[in-house]
Amino acid sequence: MNIERDHTRRHFFRDCSVGVGAMALANLLAEDGAAINASNIAAPQQCHFPAKAKRVIYLFMAGGPSQLELFEQKPQLQKMSGEVAPDSFFDKEKSFAFIKKGATLLGAERRFWRHGQCGMEVSELLPHLGTVADDICMVRGMVTDVFNHGPAKLFMNSGFQTPGRPSMGAWVTYGLGSESRNQPGFVVLQSGPRGPRAGNALWASGFLPTTFQGVPFRGTGDAILNLNSPAGFSSDQQRDFFDLVGNLNQQRLDLTGDPEIATRMRAYEMAYRMQTSAPELMDIQSEPRHILDLYGAEPGNNSYANNCLLARRLIERGVRFVQLYHTDWDDHGNPGQNIGSALDKRCGEVDRPSAALIKDLKQRGLLEDTIVIWGGEFGRTPMGEVRKSLPGRDHHIDAFTMWVAGGGFKPGYSYGRTDDFGFGVVDEKVHVHDFHATLLNQLGFDHEQLTFRFQGREYRLTDVHGRVVDEILT
Amino acid sequence: MTGVVSAQDVGDVSSNLRFNQDIRPILADKCFQCHGPDAAARQAELRLDDRKDATADRDGNAAIVAGQASLSGVMARILTHDPDTKMPPAATGKSLSEREIALLQAWIDQGAAYQEHWSFLPITDVVPPVLKPQWNRYVRNPIDQFIFERLQVANLSPSVAADAHTLLRRMSLDLVGFLPAPEVVDSFTTQYEMHAENAVERFAQDLLNSPHHGERWGRYWLDQARYADSHGYTIDGDRVMWPYRDWVIRAINDDMPFDRFTIEQLAGDLLRDPSKLQLVATGFHRNTLINQEGGTDNEQFRNEEVVDRVNTTGAVWLGLTLGCAQCHSHKFDPISQKEFYQLFAFFNHTVDVNNVGPTVEVREGELLQDGRDADLQAKLAAALSAVADLEMAKSQRQAEWERTIHGAGKNQPATVWKTLVPCRLRAAGSAELRTLEDQSILAGQGAPMETYTVTFTPTDIPVAALRLRVLPHESLPKNGPGRASNGNFVLSRLEVLSGGKAVPISYVQSDHAQPGHPVTNIINGSPKNGWAINIGKGSRAGVKMNASHEAHLVFPEPLASNTEPLTIVLRHEVNANYNVGHFAVDVSSTVPASVLHEELLAALSVPAENQTAEHKKLIAAEFAAVDVQQQLAESRVIELRKKLGLGVSVKSMIMRELDKPRETYIHIRGDFLRQDKETGLLQPDVPAVLPSLSGNSRSRLDLARWIVSKENPLTARVTVNRVWMRYFGRGLVETENDFGTQGSHPTHPELLDWLANEFMASGWSMKHLHKLIVTSATYRQASIRRPELDAADPRNLLLGRQNRLRVDAEIIRDIGLSASGLLSPKIGGPSVRPPQPEGVYAFTQTKKSWTTDAGDNRFRRALYIHFYRSAPYPMLTTFDAPDFQSVCTGRPRSNTPLQSLTMANDKAFFEMAQGLSARLLHVVGGTGRADSENRIREAFRICYSRVPTAVESELVLEFQQHQVSRFRTDPQSAMDVAPRDYPDSYSVDVAASWTAVARALMNADEFVTRE
């Protein structure tokens, strides 16, 4: 029975449920904004051990980028290109969305180069990534459980393939709270031709309080829904409005004595600060030219490059978890979705900004305690899929690549080995649950202990699975 | 610990300990994970949830030796300092507090008596406790006896009754979800002062009788049903489920007994000769997600749906978390994995497979018919059968028509038309009708909907047909022939009189008609449609609107017009100012050739047996256009449906059983591809810990009946507990979704059982339960904090006062609408799309169609807002509405800055503030200080059902005056902010200032709070 503990926790939420956790409360209490030791505050979740990282930027490549074109050079696959894939590839009852027995192998028509002192192998499609090879940790043996986009994205984000569970960002914000006085703890950005499949559920808080849900920021127009006052109200009038609401609430608080009213008063004050601070936050024009050039950012666009730069600005302002979605990597072999020119274009969009983000964080000393993640919901098959005479590949769950940088992950390191076709993982496999466990570990949490009780059960991001992959940690 | 109150009760550890309250929670939390029901996870073959096993001899020792804690193995292992053997193991992260250890020790010493988990025990017959005499005056019904007895023991007093206006607003928000109108506040307050009990009783009954009660409480049920208007997952396409929503609203308004309510939803399709309503009810379990993504394995997602149906059934009716048992036996509750799949087996045989599957056709409004319009219903039935009869005889009529055309078209000399000479012209309105040289008639501007009556000089030929020519004229807009700004007209009826008597017309044809406005409309008797000549989709190429066109009317028998003068009446009854401008009338002694276009004539010339499908389609379509009889009959049906509030027809998803049931096995680790053949084929059954199913039949219907059988200890308890939770913010069992061993113990177990019995004894009447609660003194207490109460009972578990609750997301919108005066009270029907902020779909895979509704649908209650699971209406989720991916039995209540931004800036709320502003300006006139104060007073009465304090009034007045001066400097802003419709007597800056006031009042905590 945990009513006592639940009570304390709920009470805590209530007392500071203004979209922030312990740290923010500390800031709110300290009028001068001076840092206060978080351990002074009755935080709902204390870190289980010292954290290597304090925040996360997750570059989510929606659709499932092809590891065979980008990261995994497979001479054997190239040699056997066009031959029928071995029957054993189809042993599982159902493991591909579209292709069937009899599909042929397809070699990658891309060259690979070794980069950095570590000699990491990366394809010619990602030349800028090569320049930060010594800062990133390449995880080549990723596996997941589900091969449809929606469920697979949910799985990658929440550890479950059905919607309704808290997303990773919600868990992290729940665990760590937010450091920001003016911004939510978990922010989501989007670029590319369309939004990611499964939508809202990907950054939902599930059964965690909605305080921890991801808040979508738009790159153009109003950053947050309802951020602007209705037409006709000047900023002075908005202040008048907040003042009157505050005064009326104070009257009510005096009468009823309900602390919930005080919480609402704080929420309104933070809303006002969000309104006044967001324009400055979103205004990347204020960045020096060389920084804009580094990212390839152009103010006014809604682009991945701008979002990478925004991500840095967000974490500088205390946001705990920033997730960027970039679509569309679903390269089945359709116009706009293929491993030929479409992939060239997609890589062109993300390569420079992703590398720039690493460099920029590093030069500001932020990479040390910021985890940068790059990857999709699954990889793609060594078998080709030809639609409309363009080359493509189907969804693949048994071997794909992601990379991680900063936050105590081994820099300049490759982990995981796949077979000659890139079909299965031979050694150093990392399951999505393991990846989650490792991430939480770096943030100071034992993934088995960061739990939330719901419907009679302690839930966690890793369900009943997960292993911390110590081998990729410094 | 079992919570503050219970812990205080057992402050003295030596007193008699109760296993369920005091011991089980400790064991469940700290021990059962490894020594509980889950055999797979069990360590040392020891289970502590079973007394026999716990006390069994193990090589001369026992884990528990009843009466002797000092000899019990568990105590030794708990108390040891050896980290390797200490229990619970450090690795579990769990440890026992001093107090918990003392409790265990005392309990073993007292004999280690076990009890079955409280919620699995039968519901007990409870007699309300007797209170000390001085307490009786506070008691309104037995609920209070249970609540006050505990307060009495704790030496606390209940709070005073809330003020009349607070109580009224509370009841109104709780029972229907609207703000009470200020007049209602007045009349209730007067009545309350005269006789409080009667006033409360009557008002409660009024609210329960309101059709909006079904909307208010239907919303809670829809949460549990995970109702949404889209399929979910990736594509998240639209689905039609609103008939199910209508069903829920109706069932609640009808106070359908909860047992029937349950059976119809879980298994209405399996009842004998199920009615349409009973089929729609099974939509409950069709609210599961459907994955429409390319390349999905439908069987996988069908299994997901069945799992969801099991979990939802468990959560909603049994208050049990069954989900864990999908992958392994439940670690804490005695539900094995096998039992989970035995429940699964009840739901494993439906026809739908990750698709829309079986549906039933439902017309908008159909499910909400209440039988009051029996007469209209009978007429509709007759009209429908008339349509059906006509439909049957259609081929015969069509054949006749085809013959006329053939006859008319073949071997006939060209028709000779003779122009009639008008002798008397009359317009019903003010239009001037003038005969021109060519005997054509030119109409001037007249009434918006004119009727022209023209009588002609007799002719000497028999009249077989009459021709109306509409003609261009330079005096008309765009040259006419009509008087509309584009030269069009809509002629609704053309009547021909011979010698003053109406003449029947056998058919009519025209050279051209605007699509949707066929010439047959002029003789179908309906004033609601007509003939027009604009060009649209489907018009033939080359045809022009502003040119002369003609309509031919053919009579069954030629008219002898040499003696009887002909009169024609042209009626314009559809669109204002769409009168014919210039026309002429001719007659002929022969039937004119068909003006049907060549394609059709060609089709008709083909012998029937050689006609292609294309030909047949063309001919049938043409006939349908001229089949006046059928059209009349159908328009009668449409008219009656409209009177009955019946709209479009849709297909609502329902449950249907396969002829041949599927096989059910345990899915190893929950993987549907790994069937546990070793355990073998499973038969449907209910968990052993609960009463068993009687009889041999094992259908979904049997399960539904078992769920609501009086022997089932869970359903009634779970249901009354949730109702209680909605009124007090917390259930008597706080973990309303977990009545299992890990859940919390009821704060008032006797009251829970008493309510459960009362509920069943009343015939499972929800309204009885509602009335009982809202008329209790417990419910009617003030919610104001009292320091001494806070100190003794910080979480208000004993209910020495009411709780202030922020109202649910939907109710926030609903009260905003009711304050604004904009609310559309329409009940039921398809979902609506009110304004939402720009940019909602920047983050979805496909841009959803969100054409913001105009008119009343813009101002419907929130439960009608179209809900996309992948991109919900933002305001709803911001205020904690679930995303309806799975069952939601209770919502959290958060309090965030995003909520503040929504209330402050959202377009929909701003419109409501403008509405309230307009309402205030209309209701209270004048611009003096006293007028403003009165207006503020009225605003408070609308928003908070009370008058402002002097301080509040002053704060608002000062703000309002300040806003006037701010808007005065910026007229454009004032125009943006002022309501669209306000009395002329105000300047725009004053009007705008009241919108600012309305906005602020709607943002105050009190507005969104049920006090």
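Okay, hi everyone. Keep in mind throughout that we're looking at a prediction. Let's start where the chains meet. On one side, 75 residues of chain A are in contact, and on the other, 82 residues of chain B. Which pieces of chain A do the touching? At least two residues each come from α1 (3-16), α6 (149-158), β6 (215-216), α8 (235-256) and α9 (259-282) of chain A. The largest share is from α8(A), with twelve residues. If you sort that side of chain A by class, you get 29 nonpolar, 31 polar and 15 charged residues.

Now let's zoom in on one helix pair across the two chains. Here's the general idea: for two packed helices, we give the angle between their axes and the distance between those axes. Take α9(A) and helix α30 of chain B, residues 897-905: their axes are 8 Å apart, and the angle is about 75°. That makes the two, α9(A) and α30(B), roughly perpendicular. Who's touching whom? From α9(A) we have A267(A), Y268(A), M270(A), A271(A) and M274(A), and from α30(B) there are P897(B), Q899(B), S900(B), L901(B) and A904(B). That contact between α9(A) and α30(B) has eight nonpolar residues, two polar ones and no charged ones.

Strands β2 (112-115) and β3 (120-123) of chain A pair antiparallel over four bridges. One of the facing pairs is W113(A) with V122(A). Four residues sit between the strands β2(A) and β3(A), and in the turn G116(A) has a positive phi of about 70°.

On to chain B. Its domain assignment lists five entries: domain 1 (4-115), domain 2 (216-362 + 658-709), domain 3 (373-412 + 607-642), domain 4 (415-592) and domain 5 (907-1010). How far apart are the C-alpha centres of domain 1 and domain 4 of chain B? The answer is 97 Å.

There's an open sheet in chain B too, with five antiparallel strands in the order β3-β6-β12-β8-β9. At the edges you'll find β3 (422-427) and β9 (501-502) of chain B, each pairing on one side only. Two bridges link β9(B) to its antiparallel partner β8(B), residues 493-498. In one of those pairings, S498(B) has K501(B) as its bridge partner.

Last topic: two helix pairs inside chain B. The helices α17 (374-392) and α21 (628-643) of chain B have axes 9 Å apart at about 155°, so α17(B) and α21(B) are roughly antiparallel. Their crossing is left-handed. The residues involved include L376(B), L380(B) and V387(B) from α17(B), and A633(B), V637(B) and L640(B) from α21(B). By class, the α17(B) and α21(B) contact has ten nonpolar, two polar and five charged residues.

Then compare α31 (907-923) and α35 (988-1003), also in chain B: their axes come within 8 Å and cross at roughly 120°. That makes α31(B) oblique to α35(B), and this crossing is right-handed. Among the residues that meet here are F909(B), F910(B) and L916(B) in α31(B), with W994(B) and M1002(B) in α35(B). The contact of α31(B) with α35(B) has eleven nonpolar, three polar and one charged residues.

Methods:
Residues numbered from 1 in each chain as written. Chains lettered and ligands numbered in written order. Predicted model: local features only at pLDDT ≥ 70, side-chain atom pairs only at ≥ 80, totals over all residues. Contact = placed C-beta atoms within 7 Å. Nonpolar A, V, L, I, M, F, W, Y, C, P; charged D, E, K, R; others polar. Axes fitted to C-alpha atoms, helices over the stretch in contact; angles between N-to-C directions. Parallel < 35°, antiparallel > 145°, perpendicular 65-115°, else oblique. Left-handed = near helix turned anticlockwise from the far one by under 90°. Domains from an automatic or database assignment. Pairing = 2+ DSSP bridges.
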